[in-house]
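Opened a new notebook page for this one.

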Amino acid sequence: MRRTTTARRGLAAAALALTLGLSLAACSGDSADDPSPTATSTSAADPADVAALAKVKVEGEPGSKPTITLPSTPFEVTALVARVVDEGTGAEILDGQTLSIHTAAVAGADGSDLGDSYAGEPEKIAADDQMPPELHDALVGEKVGVRIVFAALAQDGTTNVVVGEVVDAQDTVPPLERAEGEAVTPPAGLPTVTLDADGKPAITPIADPPPTTLVVQPLIKGAGDVVTEDQTLTVHYTGWLWDGTQFDSSWDSGQPASFALTGVIAGWTQGLAGQTVGSQVLLVIPPELGYGAEGSGETIPPNSTLIFVVDILGAV
């Protein structure tokens, strides 16, 4: 679920939760001069990238925001590369578990701070096949408390360096395949939603002017736990412009999407918090709670009212 196509706000929130936010780094003032990389994280990596990452220093006490010092700027790698800086002492991290991870990141271009999670709740993400393999291999088999550092390419081609600390690992409840629960009859005046045999939604738009406030209409009321704003959701979704033009759908990719609810556009955060797992929700999002006057790429024009149908498959 990316900011340019759906609901992501940007690097500081989204990247730390997903591609640029899953690492584990130094503890107790240890530096990266003694890299101790894992075999899996280095075996397929460019040796030059491995050597560059080994020169990144990470300092600070466990449980607090680390200090990340780059050997020089601009700092660059050619692909995602990760290494363990300090081993944990807790339970072993298993494949498929949900990890709670504190993260901090700096820009490779100039070393500037890109944000961290240490002032709030850790991010949660599943150590499954949707996680980049370099990070999966660096984490699974380590122990809770492990900290790694990794470098990855941002969308603009520059490099970001991320440090993270696994503070907990829990068995993951498998997500649903589609929304399931009690059907809800929506009121008149909203786009009509129909589902194909697999559950993918389609809409019939209406000719009326779009609403100016957020519309949150459950179509299926799930029986699962109530979603809270600090959770990471697994969802299937499709998005349309008000005229019915589809601009994105996880159903088309064949895989549900996972994202931190704090890292999406405001219409998603406000509309999905308080719903229950298993629910299917129709969202009509005015521009000020979506992509505003800027729009998003070529698919979402400026000042667009957006329609989403979201199946909430899981929450951690």
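This is a predicted model: local features need pLDDT of at least 70, side-chain atom pairs count only at pLDDT 80 or more; totals for chains, interfaces and linings use all residues.

Before anything else, a cut-off: I call a residue buried when its relative accessible area is under 20%.

**Entry 1: strand β3.** I went to strand β3, residues 81-86, and checked burial along it. Six of the six residues are under that cut-off, so the strand is largely enclosed by the rest of the structure. Next I looked up a pairing partner: β3 runs antiparallel to strand β7 (residues 147-153), with five bridges between the two. On this pairing I noted Arg-83, which sits opposite Val-149 of β7.

**Entry 2: whole chain.** The protein chain has 316 residues, and 51% of them count as buried. I get six helices and 17 strands for the secondary structure. For contacts between residues at least 6 apart in sequence, 75% join residues at least 24 apart. The chain exposes about 13600 Å², with 50% of that supplied by carbon and sulfur atoms.

**Entry 3: nonpolar cores.** Which residues have the most contacts inside the largest nonpolar core? I find Trp-268, Leu-272, Leu-306, Phe-308 and Val-310, in a core of 24 residues. Two or more residues each come from β13 (232-241), β15 (257-260), α6 (266-272), β16 (280-285) and β17 (306-315). I followed up Leu-306: setting aside neighbours within four places in sequence, Leu-306 touches Trp-240, Leu-241, Phe-247, Ile-265, Leu-283, Val-284, Ile-285, Tyr-291 and Ile-300. There is another core apart from this one, with 23 residues, including Met-131, Leu-139, Val-144 and Ala-169.

**Entry 4: salt bridges.** Side chains of opposite charge can pair when their charged atoms come close. How many salt bridges does the structure hold? I count four.

- Lys-65 pairs with Asp-116, the closest N and O atoms being 3.5 Å apart. Lys-65 is in the loop between β1 (57-59) and β2 (67-69) and Asp-116 in strand β5 (residues 113-116), so I have a link across 51 residues of chain. Lys-65 is partly exposed at 37% relative accessible area, and Asp-116 is also partly exposed, at 30%. I also see Lys-65, Asp-113 and Asp-116 linked in a network of salt bridges.
- Glu-165 meets Arg-147 at 3.6 Å, N to O. Glu-165 is in strand β8 (residues 159-170) and Arg-147 in strand β7, so this pair ties together parts 18 residues apart in sequence. Buried or exposed, these two? Both are buried.
- Lys-200 meets Asp-252 at 2.5 Å, N to O. Lys-200 lies in the loop between β10 (192-195) and β11 (201-204), and Asp-252 in helix α5 (residues 250-253), so parts 52 residues apart in sequence are tied together. Lys-200 comes out partly exposed, with a relative accessible area of 21%.

**Entry 5: Thr-159.** Thr-159 is buried, with a relative accessible area of 2%. What does the side chain of Thr-159 reach at 3.1 Å? I get the backbone nitrogen of Val-77. Leaving out neighbours within four places in sequence, I list for Thr-159 contacts with Phe-75, Glu-76, Val-77, Ala-107, Gly-108, Ala-109, Ala-151, Ala-152 and Leu-153.

Technical notes: Residues are numbered from 1 along each chain as its sequence is written. Side-chain values use heavy atoms; hydrogens and water are left out. Buried means under 20% relative accessible area, exposed over 50%, partly exposed in between (1.4 Å probe, protein chains only). Helices (H or I, at least four residues) and strands (E, at least two) are DSSP runs, numbered from the N terminus. Two strands pair if DSSP finds at least two bridges between them. A nonpolar core is a set of buried Ala, Val, Leu, Ile, Met, Phe, Trp, Tyr and Cys residues joined through side-chain atoms within 4.5 Å. Contact means heavy atoms within 4.5 Å. A salt bridge is a side-chain nitrogen of Lys or Arg within 4 Å of a carboxyl oxygen of Asp or Glu. Accessible areas come from the Shrake-Rupley method with a 1.4 Å probe; for residues, only the protein chains shown count as cover. A polar contact is a pair of N or O atoms within 3.5 Å; within protein, one must be able to donate a hydrogen and the other to accept it, and residues adjacent in sequence count only if both atoms are side-chain atoms.
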